[in-house]
Amino acid sequence: MKVSNIGLISQKLGDLDSQFPVQDMLLRTGQLEQYSGGIFGLGHIPYLVEQNIKAIISKILTKHNCVEVSLPLLQPEKIWADSGRLQKYVENGQMFRCLTDKGNFCLAPTAEEAIVEFAMKRLTSHKDLPKVFFQIGAKFRNEIRHRGYLLRGKSFDMMDAYSFCKTQDEQNAIYDEMKAAYKEIFEELGLAVQPVAADNGDIGGDKSEEYMSISPIGEDNVLIDTKTGIALNSELLERKDAKEYLEKTYNLTDINALEQKKAIELGHIFDLGKKYSSTMNGIYIDSDGKQQNYIMGCYGIGVSRTLAYLYENSIVTKDGKFDGICLPKSVAPYLFYIIAKTDDEEKFAIANNLHNSLNELGINVLFDDRKDISIGAKIKDAKLTGVSYIIVMGKSLDEGFVEIEELKTGEKIRVATADLVKEMCNVLKN
C-alpha cells in the first residue's frame, strides 16, 4: 500500500492529550474521525488493526467450538418487552429507538433477546445442546459519560457470545472453557488481563467476571488479594449482601487486606442461569420428552475498547517523551514501512520495486511515496502508524545495503540489498 493513498496527515504534534495521547494523535493525523461525542470513524490504518483483533477473536473462539453467526442490529422492541428489559432501557435512556407506523424498533445495545429468538428454532432438543454462538459487530448505547475517544462510545464494535446448556454443570464447563479462550485471546493480543469478580449490572444472572488490565487510564477500581491473586471490582462492595456473596462465590473473607489499583475493563462474562430463557420461553425437549428452559451464559469483549487500549498501551518513548507507537506484531496493520527520497529517481525506483515484489509475495507493506516530504518527516510519520520496522532507502544503498530499524527496541540491522526480501520473509516467519 502506498502512503499517498491512505490519507495520512503529516504534521508537527504539539501537546497531546495527557491521558489519551495516542488517540489524540490518531485524530490529528487523519487516522480517526469524530462525527459527534462518542461516534467515530476509522481510517485505513486503525481499521486494519481492528480487523486483525476480530480475526484473532474469531480464530480462537472457533477453535473452542463456538459457532459464529450474525444477528440484526435493528431489532423489534417486542423481543425486549418479552424479556422484561425494554422499560428499563427506555427509562435510563441507553436505547436508541426507531418508532414507526410499522412497529417500534431499537438499535441493539446488546443481544441476549435476539440470540434467544435465534436459538429457539435451532436448539429444540437436548441432542442439540450444549452450544455456543458468537458474533462480532456493532452495538449502540446512548452513553451519557462517553470518554476516552474509542474507550467508551455510543457506537462501538464488540464480540458477544452466548451459551445454551441443559444443566448447570454443563454451563459451568462452558464457562471455564470460555475463560480459557479469553486467556488465549488476550495473550495473542499482547495484553495482560485478569478475571475480576464483578457486578452483573443490566445483563443480570447469577455471577460474572470482568477481564481487567491494570492501567492508569482505567476508570474502574480493582481490589486484589496479593496472596491468592483473586480480584474484584470495588462496585461489588456496594451490594447489600457483599460479604456473604464474596465468601460464597469467591471464598473471600477479609476484604480489608485487598490492594486497590486502577484498571480498564476489556471483557465481561456472565453466568445467566434461566433469566432470559424463562421470560422468553426459550425451551428444548429433554431426554424424558419434557420441556425445559435453557441454562445460559454470555461473554463479551469490547473490540473498539481493545483497539483503543492497544494503541494507548503501545507508546514508544525517547528521552522520556512520546516518540511514536509500535503495536504488537499480531495486530500491526503492516509490519514494514519503506522510505526513500522521492528526488532520487534510482533509490525511489528500488523502493518501488521492493514494494511491488513484496505485494506479489502477499506481504503487505507501506511504501511512503509522498512528494515534497523529507525523509526525516517520513520517519516521524512512520512511527505513528504502529508498524514494527522501518526500512530507509538512503545513502547506504550506494554501499549495497539498507538499514532495518525495529521500532520497539530501536535496534538497527544492516541487510545486503540482494538479501532484503529474504530477510523480510524471515521476520514474518518469526
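Residues are numbered from 1 along each chain as its sequence is written. Because the model is predicted, local features need pLDDT of at least 70 and side-chain atom pairs count only at pLDDT 80 or more, while totals for chains, interfaces and linings use all residues; side-chain values use heavy atoms, without hydrogens and water.

We may begin with the pockets (on a 1 Å grid over the protein atoms alone, open sets of points where a 1.4 Å probe fits, with protein on both sides within 12 Å along at least five of seven lines; lining residues have an atom within 4 Å of a point). The largest pocket has a volume of about 1,100 Å³. Its lining comprises 43 residues, and Arg 141, Glu 143, Arg 152, Glu 265 and His 268 lie nearest the centre. Two or more lining residues come from each of strand S8 (155–165), strand S13 (259–273), strand S16 (295–302) and helix H9 (303–312), and S8 gives the most, with six. By residue class, the lining holds 14 nonpolar, 14 polar and 15 charged residues.

The second largest pocket has a volume of about 370 Å³. Of the 13 residues that line the second largest pocket, Gln 11, Lys 12, Leu 13, Lys 380 and Leu 384 lie nearest its centre. Strand S18 (321–325) and helix H11 (375–382) each give two or more residues to this lining.

Gln 23 belongs to helix H1 (residues 21–28). With 0% relative accessibility, Gln 23 counts as buried (under 20% relative accessible area, with a 1.4 Å probe and protein chains only). The Gln 23 side chain reaches two backbone atoms: the oxygen of Gly 148 at 3.3 Å and the nitrogen of Leu 150 at 2.9 Å. Beyond its neighbours within four places in sequence, Gln 23 has contacts (heavy atoms within 4.5 Å) that include Leu 32, Ala 308 and Glu 312.

Turning to the aromatic rings, the structure holds 13 aromatic pairs (ring centres within 6.5 Å; planes under 30 degrees apart count as stacked, over 60 as edge-to-face and the rest as tilted). Tyr 182 and Phe 186 are edge-to-face, because their ring centres are 6.2 Å apart and their planes at 70°. Both lie in helix H6 (residues 168–188), about one turn apart. Phe 186 also forms a stacked pair with Tyr 211, at 6.1 Å centre to centre and 15° between the planes. This second pair links distant parts of the chain, as Tyr 211 lies in strand S10 (residues 207–214), 25 residues from Phe 186.

Notes:
Helix = DSSP H or I, 4+ residues; strand = E, 2+ residues; numbered from the N terminus. Buried < 20%, exposed > 50% of the residue type's maximum accessible area, 1.4 Å probe, protein only. Polar contact = N/O pair within 3.5 Å; in protein donor to acceptor, adjacent residues only side chain to side chain. Points joined across faces, edges and corners; volume = space filled by probe spheres on them. Nonpolar A, V, L, I, M, F, W, Y, C, P; charged D, E, K, R; others polar. Phe/Tyr/Trp six-rings, centres within 6.5 Å; stacked < 30°, edge-to-face > 60°.
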